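Have the view open and follow along point by point.

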Amino acid sequence: MAEKKNLTTQPALIGNKVYLRPATAEDVANTYHWFLLSDPSSMTCRPLTVNTAAEAAEAYKKAERSPDRQLFMVVRKKDNVPVGKIRFFDLNNLNRSAELGLLVDPDEQQKGFGAEALEILCEYLFASRGLNKVYAQTGSFNDGAKALLESADFKLDGTLRRHYFYKGEYHDGLIYSLLAYEFGR
């Protein structure tokens, strides 16, 4: 009788309209224009380096692979077309928390893809990775991000005063979080 092999599989990260799959360097190159079209300086409070798509893909290839962070493509189920990217990073095993980031193709925004991707990733991080908390940071001027996080039951934890320098002015940074017991999937 042949010996059975113990196979490990990627969890099924599938929703109604989208599914998540690990990103590749090719994905990073092919979707880098989303970042450029989305007003890059509005998405981070950290110094920003704008690269070419090829440079971004090469940096992604060279990045150390780690269970503490992962980038997923958000793929529309009906035609297998990527419509966004979502990631977790700064995973803290002691506190069982991680930060989230999301970017949806500007042509595909306001269609529910980001909300569903956020729900799928939260389910994965809470159920499969055993996290207690996920959180996200955004600028006070980013009404879309605030509305998305609030619609997903994230709570405003705090304000980082005058934390973002955007369009010649300082703006507050907002930190939102969702705890595992609050997640109602």
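1. Let's begin with the aromatic rings: the count comes to 7 aromatic pairs. One of them joins tyrosine 32 and phenylalanine 35, a tilted pair with 5.5 Å from centre to centre and 45° between the planes. Please keep in mind throughout that this is a predicted model.

2. Where do tyrosine 32 and phenylalanine 35 lie? Both belong to helix α1 (residues 25-37), where they are 3 residues apart, or about one turn of the helix. Tyrosine 32 and phenylalanine 35 are both buried.

3. Next, turn to phenylalanine 126 and phenylalanine 183. Their ring centres are 5.5 Å apart and the planes meet at 55°; planes under 30 degrees apart would count as stacked and those over 60 as edge-to-face, so this pair is tilted. The pair ties together distant parts of the chain, with phenylalanine 126 in helix α3 and phenylalanine 183 in the segment after β7 (169-179), 57 residues apart.

4. Is phenylalanine 126 buried or exposed? Its relative accessible area is 12%, and because buried means under 20%, phenylalanine 126 counts as buried.

5. There is also a cluster to look for: ring pairs link Phe72, Phe88 and Tyr124.

6. Arginine 65 lies over the face of tyrosine 60, at 4.7 Å from the ring centre. Arginine 87 lies over the face of phenylalanine 89, at 3.9 Å from the ring centre.

7. Tyrosine 60 brings us to helix α2 (residues 53-62), in which Ala56, Ala57 and Tyr60 are buried. These three cover an arc of only 100° around the axis, so they sit on the same side of α2. The face turned away from that buried side carries Ala54, Lys61 and Lys62, which are exposed.

8. Finally, visit the second largest pocket, with a volume of about 150 Å³. Its lining is made up of 12 residues, and those nearest the pocket centre are Glu119, Ser151, Ala152, Asp153 and Phe183.

9. Sorted by class, the lining of the second largest pocket holds 5 nonpolar, 2 polar and 5 charged residues.

How values were computed
Residues are numbered from 1 along each chain as its sequence is written. This is a predicted model: local features need pLDDT of at least 70, side-chain atom pairs count only at pLDDT 80 or more; totals for chains, interfaces and linings use all residues. Side-chain values use heavy atoms; hydrogens and water are left out. On a 1 Å grid over the protein atoms alone, a cavity is a set of points where a 1.4 Å probe fits but cannot get out, and a pocket is an open set with protein on both sides within 12 Å along at least five of seven lines; lining residues have an atom within 4 Å of a point. Grid points are joined across faces, edges and corners, and a volume is the space filled by probe spheres set on the points. Ala, Val, Leu, Ile, Met, Phe, Trp, Tyr, Cys and Pro count as nonpolar, Asp, Glu, Lys and Arg as charged, and the others, Gly among them, as polar. Rings of Phe, Tyr and Trp (its six-membered ring) pair if their centres lie within 6.5 Å; planes under 30 degrees apart count as stacked, over 60 as edge-to-face and the rest as tilted. Helices (H or I, at least four residues) and strands (E, at least two) are DSSP runs, numbered from the N terminus. Buried means under 20% relative accessible area, exposed over 50%, partly exposed in between (1.4 Å probe, protein chains only). A charge sits over a ring if NZ of Lys or CZ of Arg is within 6 Å of the ring centre and within 35 degrees of the ring normal. The arc is that of the directions from the helix axis to the C-beta atoms.
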